[in-house]
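I opened the model to look up a handful of features. The entries below follow the order in which I checked them.

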Amino acid sequence: MPTLSDLAVRHTALDDADLEWMHSLVSDWQLLADLSFADLILWIPLKDGSGWVAIAQMRPTTGPTVYHDDIVGMIAAKGERPLLETAWNERRICREGDPDWSSGVPVREETIPVRRADHFLGVIQRSTNLSSARTPSRLELTYLQSASDLAQMVAEGRFPFSGAEPILVRSPRVGDGLLRLDRAGRVTYASPNALSAYRRLGLTADLVGAELGRTTATLCYSDEPINENLMIVASGREPRETEVESGGTVVQLRAIPLIVGGGRIGALVLIRDVTELRRRERELMTKDATIREIHHRVKNNLQTVAALLRLQARRLQLPEGREALEEAVRRVGSIAIVHETLSHTPEEQVDFDDIADRVIAMTGEVAAPETQVVPRRVGSFGVLRSEIATPLAMVLTELLQNAVQHGLAQRQGKLQVIVSRGGERLDVIVSDNGSGLPEDFDLDQTTSLGLQIVRTLVVGELSGRLAIEPRQGGGTEVSLSIPLPAA
């Protein structure tokens, strides 16, 4: 299905500022649909003036829908929808006409011109399914009156709010709880859900007739300085959001000032009890901090093990034993680098480029001075999960160390780590122009502990492929191909 931007660019004459206004309207018009108990369709005139195109649609969550199929992308010829023409030509909300029975259910149609600054951009068609009509309750009457005020604000270019803070994805909805305030910030109507949220905050008196800002501040800030943002939101003076907490209950508030005819007539305040949501977020933050602390301690323990092995190596007289312990130190160090990186990230994923660069630098430091080998990386590993990063770091350590100690021993040369990453695989080539492989080299029969570790990790743990071949022009190429799990 084409997007709002696609349809607007293809069929209409809207400029960038107009299109941004339409995006702001559509991002927040669920509020109007729910208060109206009606479907909304946004129609924009075609650039050639021959009709209209529907670029957006919204169904209500508070009542039955009229349109079970999507209308977005539909073209209506000029004169085919008279109410659109009337609202557009006369620049007013059009409510004339009897219910339409063509679809088998009674539908009341209304049209609302959409204005930005001093010019009009399109028309909203508001369609209400009357099949379940009944005597409206006080809540429904308040909803409808609020919807009428919002529709007038759309027609006057006052909704959506220009320059307002972006609306959060989890902002309160109409059904979560609604308060209607007068100009002085006093509550004229409180929905049952809104009243329940304030009861959980500790309210014992009636909310209707109370000044919302002062009442909320008394409940939540008895011994602390009052949050100024709370007073602005609770009085309905500006379109903002805030949260208040009292007695373990967390309530989210969102204010929608009602400005009709050039003056503020009151406000709507949407309310949502987010206590459980915040509790779970705090639990997740605690778990994340615990995991990072575990990685930090593992890194410290590995560094302690490496230090002990290094001390032990210095005491050994046998060169073979000293070399074996030094190799163990490097292996432990490569794993410690991964855990150190994980201790700084909130997720079990790491930017492996940083780890690879540190492993490469560590290899260059331990190379003999006469070799003058400066390893370098070509390409990017990207972000990898910890279960891949840990064995891959050790594999790189072994391959680079093997190239420095054997292929490039006592000679100058180049050592590269060439990386290419596709959607499902990671391919790595460790290439050197050293002395090359022995004539009788067989990976399956090798007695090298380092290569045995590499094969076990690549093939057994990472389910990848490993190949060691002579490099064209001299030297050795080790190729790894590792499957990446789906995101």
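How many of the 487 residues of the protein chain count as buried? I got 45% of them, taking buried as under 20% relative accessible area, exposed as over 50% and partly exposed as in between (1.4 Å probe, protein chains only).

I noted the source first: this is a predicted model, where local features need pLDDT of at least 70, side-chain atom pairs count only at pLDDT 80 or more, and totals for chains, interfaces and linings use all residues. Residues are numbered from 1 along each chain as its sequence is written, and side-chain values use heavy atoms, with hydrogens and water left out.

**Whole chain.** I counted 13 helices and 17 strands; these are DSSP runs numbered from the N terminus, helices being H or I of at least four residues and strands E of at least two. The C-alpha trace spans about 100 × 65 × 40 Å along its principal axes. The radius of gyration is 34 Å, whereas a compact globule of 487 residues would have one near 23 Å. That radius is taken over C-alpha atoms, and the globule rule is 2.2 Å times the number of residues to the power 0.38. Of the contacts between residues at least 6 apart in sequence, 60% join residues at least 24 apart; contact means heavy atoms within 4.5 Å.

**Helix α13.** I compared the length of α13, residues 449–461, with expectation. Its 13 residues should span 18 Å at 1.5 Å a residue, and the end C-alpha atoms are 17 Å apart, which agrees. The expected span is 1.5 Å times one less than the number of residues. I listed Gly-450, Leu-451, Ile-453, Val-454, Leu-457 and Val-458 as the buried residues of α13. They cover an arc of only 160° around the axis, so they sit on the same side of α13; the arc is that of the directions from the helix axis to the C-beta atoms. Exposed Thr-456 and Gly-460 are on the face turned away from the buried side. Just after α13, Ser-463 has a positive phi of about 55°.

**Val-123.** I found Val-123 in strand β5, residues 119–129. It is buried, with a relative accessible area of 0%. Not counting residues up to four places away in sequence, Val-123 touches a set of residues including Trp-43, Trp-52 and Trp-88.

Is Ser-36 buried or exposed? Ser-36, in helix α3 (residues 30–36), is buried at 5% relative accessible area. Its side chain makes a polar contact of 2.9 Å with that of Arg-126. A polar contact is a pair of N or O atoms within 3.5 Å; within protein, one must be able to donate a hydrogen and the other to accept it, and residues adjacent in sequence count only if both atoms are side-chain atoms. Thr-218, in helix α7 (residues 212–220), is exposed at 57%. The side chain of Thr-218 reaches the backbone oxygen of Arg-214 at 2.8 Å.

**Backbone exceptions.** Most residues other than glycine have a negative phi, and most peptide bonds are trans. I logged a cis peptide bond from Phe-159 to Pro-160, with omega near 5°. Pro-160 is in the loop between α5 (138–156) and β6 (178–181). Arg-91 is not a glycine, yet has a positive phi of about 55°; it lies in the loop between α4 (82–90) and β4 (107–116). Ala-117 also has a positive phi, near 60°, and is in the loop between β4 and β5.
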